[in-house]
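Please look over the sequence and the model before reading on.

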Amino acid sequence: MTEITIRRALLSVSDKTGLADLGKALAAKGVELVSTGGTAKALRDAGLTVLDVSELTGFPEMMDGRVKTLHPKVHGGLLAVRDNPEHAAAMTEHAIGAIDLVVVNLYPFEATVAKGAERDEVIDNIDIGGPSMVRSAAKNHAYVAIVTDPADYEAVAQGSTTFDQRKQFAAKAFAATAAYDTMISQWFATVDQQQTFPDFLAQAGRRAETLRYGENPHQSAALYLPVGPHIKGIAQAQQLQGKELSYNNYNDADAALELAAEFRGQAPAVVIVKHANPCGVAQASTLLEAWEGALACDDVSAFGGIVAVNTRLDGATAEAIAKIFTEVVIAPEVDDAAREVFAKKKNLRLLVTGDLPDPRREGLTVRGITGGLLVQTRDNGAIALSDLKVVTKRAPTDQELKDCLFAWTVARHVKSNAIVYAKDGITAGIGAGQMNRRDSSRIAAMKAAEAAEKFGWAAPRTRGSAVASDAFFPFADGLLAAAEAGATAVIQPGGSIRDDEVIAAADEKGLAMVFTGMRHFRH
């Protein structure tokens, strides 16, 4: 079970990239080429002699090509254990010749689904014979080489294979058929059967890169891309410059992009994220103004952070961003002036995403727990102005409503317990990840007070602001902390058994408060 000389090869591929060169190399080594349909034609067009599978089996291709390689003379030649006397006798008795190499890639199921084909065409592009040959050859890798990746053509073009090569080919082959079947099962479950949570959750990913390390240096990590139709996000962004992205960079950059996408098609917006939490968000008439507003919210946390914008990044904004240490900058587009500015910052990673993802898209999120997976639909719930219910004696002003909705948009991307103060399209203070809502309110107010002192403002920006809470106030203390910070309007889901107590506290302080009826926990 060491080196095996290739005497007969069976080639049947949908993607014919590199096929002719491989066929010529094998033929030059005296390898007999066996093939089917379009693959056989492509090889003959390259001037090669090819034995049709129908000649090998004695049966014609039939049923629109659905039945051609599903035959004992094919699978016997693949599965026979060559040094087993009973297997050898059966091969002799039934005139089954050994096949030493199989080169297969499968029907383009993924591409067929992606182009929006009708159901019948999708079903027609489910390969049966191909995966069967792949699995037979891979199982018998002690004697047979199975190649499913054109990148491996060069390795077998030499006319022989080693056992270590065949083991590697077999591992890739089983992964290829597993991924293929996963795409098919996902399509049947989610598209054909409209199931959100099928009985069996099948997922497949292709490794894009191995990362330097994981969340901590003693952990290993890699980036995988989904196999099958999927949206484009941070994993598909084009990196224009800078060091390799780390595990934490990807995690933080994804959080920044998801929040920036909330402002897709709107006025210029800047998001600054640190440790997957927003530390400053702003919208303004220009991107530079938005950057200045977002930075002023918490310039301490912004150091070493991730910046994402919702529109074309210009040179003036790039100059401002470059004044502080920034790990990653993400934009749909970047102009030449901005590229020139960032080129001086060799370690800064600059990512271009193209279109921003739809924040209201459907999909599932998956999180591993000990012994299982937690799966849920994405938090794509949205509210409109008409969904808000005024519950206090005083109704919010138009500006307070705008600030409420802005704060609410940011709060859904802040780790719970989340409190966000906002005024005039700028976050004034953000409190994240605390074990109680009162402390989140106080931390956000403290940050606002520190910013006012640092920048010499007459008062913190929480004065006259709107405050958003990702879930209801279970007690009045969190709301009172917000009132103490100067908030004049509150947006929260409502639904606490103490809502009446909280509403009464708001009325006593002269606050306007609206309920959304929807919460946005983010753990």
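The model is predicted: local features require pLDDT of at least 70 and side-chain atom pairs count only at pLDDT 80 or more, while totals for chains, interfaces and linings use all residues. Residues are numbered from 1 along each chain as its sequence is written, and side-chain values use heavy atoms, without hydrogens or water.

**Nonpolar cores.** A nonpolar core is a set of buried Ala, Val, Leu, Ile, Met, Phe, Trp, Tyr and Cys residues joined through side-chain atoms within 4.5 Å; buried means under 20% relative accessible area, exposed over 50% and partly exposed in between (1.4 Å probe, protein chains only). The largest core holds 52 residues, and Leu22, Leu78, Leu101, Val102, Val103, Phe109 and Ile146 touch the most other members. Helix α10 (residues 163–192) contributes the most to this core, with 8 residues. Helices (H or I, at least four residues) and strands (E, at least two) are DSSP runs, numbered from the N terminus. A second, separate core has 44 residues, including Ala260 and Leu401.

**Helix α17.** Ala448 lies in helix α17 (residues 437–455) and counts as buried because its relative accessibility is 1%. Its C-alpha atom is separated by 5.7 Å from that of Ala428, 20 residues apart along the chain.

**Backbone features.** Most residues other than glycine have a negative phi, and most peptide bonds are trans.

| Residue | Phi | Relative accessibility |
|---|---|---|
| Ala95 | about 55° | 56%, exposed |
| His275 | about 55° | 63%, exposed |

Ala95 is found in the loop between α5 (85–93) and β5 (101–105), whereas His275 is in the loop between β11 and β12. Elsewhere, a cis peptide bond with omega of about -10° joins Ser416 and Asn417.

**Surface.** Leu373, in strand β17 (residues 372–377), counts as exposed at 54% relative accessibility.
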